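The sequence and structure are shown first.

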Amino acid sequence: MRAEDYPYLAAPRPLALAHRGGAKLAANAGLENTVPAFARAVAMGYRYLETDVHATADGQVVAFHDAALDRVTDAAGRIADLPWAAVREARVGGAESPPLLAELLETFPDACFNIDVKADAALAPTVAVVRAHDATARVCVGSFSPRRIRAARRALGPGVATAAGQVGTASLRFTPGLLSRLLHTPAPVLQIPAQHRVGGRTLTLVTPGLLRRAHALGKHVHVWFHDWSREDAAEYHRLLDLGVDGIVADRIDVLRDVLEERGHPLRPRSEG
């Protein structure tokens, strides 16, 4: 199956994904991965929302990036060690409760979710939530663990979109000649940083050659930022000029303006 065969990836390109709801939008400052953050992205016209997930000690799937609550909430402790009753009392930015994945799927029924499964213990509960909400067609499951991605694909079936892991991506970029078996993973999309630091060197991952090879295999290439400070209009334009299929953005206001300038305006909810 090619990327275009998956409902999640069938929308016109380029796809615009709101990273944690748009963490660097001024109105979202300190409120990443909260319902209000995602709501602002949706109101701006974002149909694709990115979130990470962890599971609580009692198996509830929380939309949250870090393994622990400490960095962005007024509480402390590892999510995996706490029951949901404790996690829901935490306040992101001192104001908002971390949402459950189920809450996001219910609150934004027209949105597609890119879900990064951050821990092994979160995989089975995430699969259960996606099934319970009949959301297979509107999610893409990713992880830095290729094993988790394979397990998600087995559990949810071949129709669910998945994102290739780092090993497969590195093969596309650096393996000459015959592509490794990882290049022929069923994952229809590569989600990679524009650049990556390895052994003190900065390697450019998103190149015309990588895009040609990925597109020849029917795959999308979505780009996120290993160094989020590099996000700006010029970088968005550069990546879109190269032909990337999607951008995962914190600066969702800037990306919206760039897309409008290029003739790909987002459609705010009020416009239908």
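How many salt bridges does the structure hold? The structure holds 15, a salt bridge being a side-chain nitrogen of Lys or Arg within 4 Å of a carboxyl oxygen of Asp or Glu. This is a predicted model, in which local features need pLDDT of at least 70 and side-chain atom pairs count only at pLDDT 80 or more, while totals for chains, interfaces and linings use all residues. Residues are numbered from 1 along each chain as its sequence is written, and side-chain values use heavy atoms, with hydrogens and water left out.

Among the salt bridges are these:

| Pair | N to O distance |
|---|---|
| R71 and E32 | 2.8 Å |
| D52 and K118 | 3.7 Å |
| R78 and D81 | 3.8 Å |

R71 lies in the loop between β3 and α2 and E32 in the loop between β1 and α1, so this pair ties together parts that are 39 residues apart in sequence. Elements are DSSP runs, numbered from the N terminus (helices: H or I, at least four residues; strands: E, at least two). E32 is buried at 13% relative accessible area, and D52 is buried at 2% (buried is under 20%, exposed over 50%, partly exposed in between, with a 1.4 Å probe and protein chains only). K118 is partly exposed at 23%. R20, E32, D52, D66, R71, D116 and K118 are linked in a salt-bridge network.

The axes of helices α4 (residues 120-132) and α5 (residues 146-156) come within 10 Å and cross at roughly 30 degrees. The two helices are therefore roughly parallel, the class for angles under 35 degrees.

Methods. Axes fitted to C-alpha atoms, helices over the stretch in contact; angles between N-to-C directions. Parallel < 35°, antiparallel > 145°, perpendicular 65-115°, else oblique.
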